[in-house]
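Here are my notes for a colleague opening this entry for the first time. Please read them with the model on screen.

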Amino acid sequence: YGEALEVLSYLFEKEVINSQETAVKMIQEIEVPVNLNMSLCYLKVKNYWEVIFHCDKVLQIKPNTCKALYRRGLAFFRLGEFEKAKSDLTTALNLEPNNAAVRETYNELREQIKAFKKQEKEQNAKIFRESEALINETEE
């Protein structure tokens, strides 16, 4: 895919593409699908930072691209960046409310956040109990 962008640059240099405006338009037309495909490839091999990188490139050109928002949200989710994931998946769900993959991942994220908050609450309660016991021991 990276080679496809290099080919466009080559065509511009050899004046096959006669204006910068035409070149920019052609690059933008190919850049979105190329970066979406790259993000999918990196998602399959669990290289989540590369997924985010390529989705960011898509979203700079076309901010409301559901596939890019979904894949970036999924990557953030897998990296434990729950708030960023929630933001992307919510936007994707608003764009395509009937998209089953987005809805399923969003629901999975909500469950994960709920479990994380429960665990955090239990840990905080344990710390509080332990500190109370320590205070009571020192008072006696």
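1. A search of the whole structure finds zero of them. A disulfide here is a pair of cysteine sulfur atoms within 2.5 Å. In general, the term refers to a covalent bond between the sulfur atoms of two cysteines. Buried means under 20% relative accessible area, exposed over 50%, and partly exposed in between (1.4 Å probe, protein chains only).

2. Basis. This is a predicted model, in which local features need pLDDT of at least 70, side-chain atom pairs count only at pLDDT 80 or more, and totals for chains, interfaces and linings use all residues. Residues are numbered from 1 along each chain as its sequence is written, and side-chain values use heavy atoms, with hydrogens and water left out.

3. Overall make-up. The protein has six helices and zero strands. From the N terminus, the order is α-α-α-α-α-α. Helices (H or I, at least four residues) and strands (E, at least two) are DSSP runs, numbered from the N terminus. Of the 140 residues, 29% count as buried. Among contacts with a separation of 6 or more, 44% join residues 24 or more positions apart. Contact means heavy atoms within 4.5 Å.

4. The α4 and α5 pair. The axes of α4 (residues 66-78) and α5 (residues 82-95) come within 8 Å and cross at roughly 155 degrees. That makes α4 roughly antiparallel to α5, a label for angles over 145 degrees. Axes are lines fitted to C-alpha atoms, for helices over the stretch in contact, with angles from 0 to 180 degrees between N-to-C directions. Residues making the contact include Leu69, Phe76 and Phe77 of α4, and Phe82, Leu89 and Leu95 of α5. The contact residues divide into 11 nonpolar, two polar and three charged. Ala, Val, Leu, Ile, Met, Phe, Trp, Tyr, Cys and Pro count as nonpolar, Asp, Glu, Lys and Arg as charged, and the others, Gly among them, as polar.

5. Pro33. Pro33 is found in helix α2 (residues 20-44). Pro33 is partly exposed, at 37% relative accessibility. Pro33 and Val58 are 25 residues apart in sequence, and their C-alpha atoms are 8.2 Å apart in space.

6. Lys46. Where does Lys46 sit? Lys46 lies in the loop between α2 and α3 (48-61). Lys46 has a positive phi of about 60 degrees, although it is not a glycine. Most residues other than glycine have a negative phi. Lys46 is exposed, with a relative accessible area of 61%.

Note on methods:
Parallel < 35°, antiparallel > 145°, perpendicular 65-115°, else oblique.
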